[in-house]
Amino acid sequence: MTNKYNSLLKTLKKTEYSLDKSIVNNHCVDWRGNYRGSSEIIFFPKSLTSIQKIVKFCFKKNIPIVPQGGNTGLVGGSVPRFNKGEIIINLCKLNNIREIDIVSNTITVESGCILQNVNDRLEPHNLQMPISLGSKGSCQIGGNIATNAGGLNVIKFGSIRNNILGIEAILPNGEFYDDLKTVKKNNTGFDIKQLLIGSEGTLGIITAATFQIHKKTNDRVVIIICLKSFNHVLNIYQKFISSFGEFITAFELMNEFSMNLAQKLIGSMKLPFTGNYYCLVELTNFIDIENFSNFIYSKFEKLQIDNMQLIVAKSENENKNFWQIREEIPLAEKLLENVIQHDVSLPLNNIENFIFESSKALKKFNPNISIINFGHLGDNNLHFNVCIDDKLNKKNYSNFKKKVNEIIFSFVNKFNGSISAEHGIGQLRKDELKRYKSAEEIKRMKKIKKIFDPKNIMNPGKVI
Amino acid sequence: MKALVCVKRVIDYNVKIRVKTDKSGVETENVKMSMNPFDEIAVEEAVKLKEKGVIDEIIVLSIGAETSQETIRTGLAMGGDRGVLVKTNGQEIDPLNVGKIIKYIFDKESPDMVILGKQAIDDDCNQTGQILSSLLDCHQATFASKVEVNDDKTINVTREVDGGLETIKISIPCVITTDLRLNEPRYASLPNIMKAKQKKIDILDINDLNIDIKRRVETIEVSEPPERKPGVIVNDVDSLIDKLKNEANVI
Ligand SMILES: Cc1cc2nc3c(=O)[nH]c(=O)nc-3n(C[C@H](O)[C@H](O)[C@H](O)COP(=O)(O)OP(=O)(O)OC[C@H]3O[C@@H](n4cnc5c(N)ncnc54)[C@H](O)[C@@H]3O)c2cc1C
């Protein structure tokens, strides 16, 4: 078996690949354990030249490649399919921080760096990366770029796309793509790197990028608000945006069911009030206001929100406790069987109608359905997850799931939303993409794919 | 009864402390400041006693720079009635001098009890309560984990001592210092924050009190603990083996 790769392996270091079944298999399963594929070999290239050698070899021999980062992706994009002769290129050993420029606030990092490690290196300079995700301790910069990752700070800094100044990559034919600029303005024709951002490994292997980085301050205040209806949520959202604007670093939404679930299943902290919706707002003191809490209190006066059920954390300890409530929801959800997840986004003004109409349709379809609804409201991003108490066998479950997806996505479509807000398409949403994107748009995507990857060897079977 | 509660503005418990390059102290610029956690417990206890109808007025006192007003405001948002700030220029004040300043306010306000944290988490002195009670020549109950006021106005205080609990009975006026398990401080809620904005804070200048605040302790050097090499946490045995093989190259 190995001789297929022998001529290639001779040119690499021993630590740059593994044929060990247990190691390879480990990298063939996705984080949620929903996608299990197979591969004969995994590569851990340490340099650009090694990557180039591997890709050129595969290009010549028509061997499909799966680029892999931290393998935390949630749509089955980072693992090989079963018995398709795919090889894995894992970037974890390409992990140098090439340059930190504290004058223009930019950093150039290789794609295998773990997000948290990059942040740790920036910490002494009081700087931070523009993104923050729950998976920050495992996900890699390359994976973040390839999925155009969102996360907690999008409301403040925008998604990854808004913060990338330059990209370097190896294209499917082994060509070196070098656009590692550090300038902020660059209007010189088509911006090809934008296509690589969010390409989920289908257009090439990202090897490095230059990011805009931001000032870090530890002084933050977290607030939790409890509201009767979604209408009230929008109202308070608007008030907060207009009076705290630049200070807002997160605006999260949780419905009552998701909150109760976390309390029931993992004993999350109880709050001194109850209502249909809860918002978590994080305000960060970017301009070193001396009495930040007082500043916030004085703004409350002008907001005319006198009798609102709202609590403000008095210390970092309470900040953390408040965040924990939000973070424990996905963990509680993981303990349930039969949860069907949706990561959708909708225009703010349509969210209320979307929730109302799709919930009604779902309940009509099956009255035992409950909805775990939370997400990054500030980015119009809802996790709208459906769970059901009934015991379902495999076949019934799969039919049930199909129907639920249909109901939800048809309302997402009706209300001008997106069927995948931040997690991407991968294998999970491939079929649905065809249904909810126009045929012309799919055609255009296919043409672009062909230009980059004429032999279709870069992450085939994903996205399109 | 009337309670005087003392609160100190300190570097937040969760902030990673950085020593100044000249080793004269710790970095406080751009650092999150909060109420000393033990003082939060002191405020909560006073508010609880007020809710029980035992106390009818809570005065929240802080000694520190102008910015300590924020800390007092937090105490008022938890349920304190009015505040007093003894304003300094931000200089360090030894526990003995803190005791003398609190006594000054005590003499002015004649509260029945002074409740304060057993220590402040910045200098960890654990002296102020004890010094204060000897300056006032009154009863003290330190490390309190339970406080019960009896009908005859004596107070039963359960104290956390080595290897167990001790319950003592003291009479007023008295000094009580709080331990971690006494209670769980409440959140600052919007209606209380709004009410707190209307509450009065009196500001006294430390120089007007005629108290000698000369330091008797000199800080020679502040240094960081020796650095430890960071470890990594892996999710399961397989990834441990993977790391040992492929990253550490030891097996
Ligand atoms: C607990 C948890 C919380 C999460 N929270 C969020 C969140 O808030 N927001 C969000 O957007 N996502 C979130 N995710 C999803 C996921 O973490 C992100 O999508 C992350 O950016 C993926 O990075 P990774 O290195 O793990 O990539 P992988 O999972 O390894 O790969 C993801 C995709 O990128 C491709 N890829 C990876 N590296 C490269 C490269 N160097 N070049 C080209 N293609 C590459 C892969 O082929 C695959 O298609 C979360 C995941 C978990 C487990």
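Trainee: Which residues come nearest to the ligand?

Mentor: Keep in mind that this is a predicted model. Of the 36 residues around the ligand, the nearest are G69(A), G77(A), G142(A), G143(A) and G201(A).

Trainee: What makes a residue part of that group around the ligand?

Mentor: A residue counts if its C-beta atom, placed from the backbone, lies within 6 Å of the ligand. Among the elements of chain A that give two or more residues to this shell is β3 (65–68), while α5(A) gives the most, with four residues.

Trainee: How do you know that β3(A) and β4(A) pair?

Mentor: Pairing needs at least two bridges, and β3(A) and β4(A) (residues 87–90) have four, in the parallel sense. One example joins Q68(A) to its bridge partner N90(A) in β4(A).

Trainee: Why are β1(A) and β3(A) said to stand at the edges?

Mentor: The open sheet of chain A has four strands in the order β1-β2-β4-β3, with mixed pairing. β1 (17–18) and β3 of chain A each have a single partner strand, so one side of each has no neighbour in the sheet.

Trainee: How many residues does each chain bring to the contact?

Mentor: Chain A brings 29 residues and chain B brings 26 residues. On the side of chain A, α10(A) supplies the largest share, five residues.

Key: Residues numbered from 1 in each chain as written. Chains lettered and ligands numbered in written order. Predicted model: local features only at pLDDT ≥ 70, side-chain atom pairs only at ≥ 80, totals over all residues. Contact = placed C-beta atoms within 7 Å.
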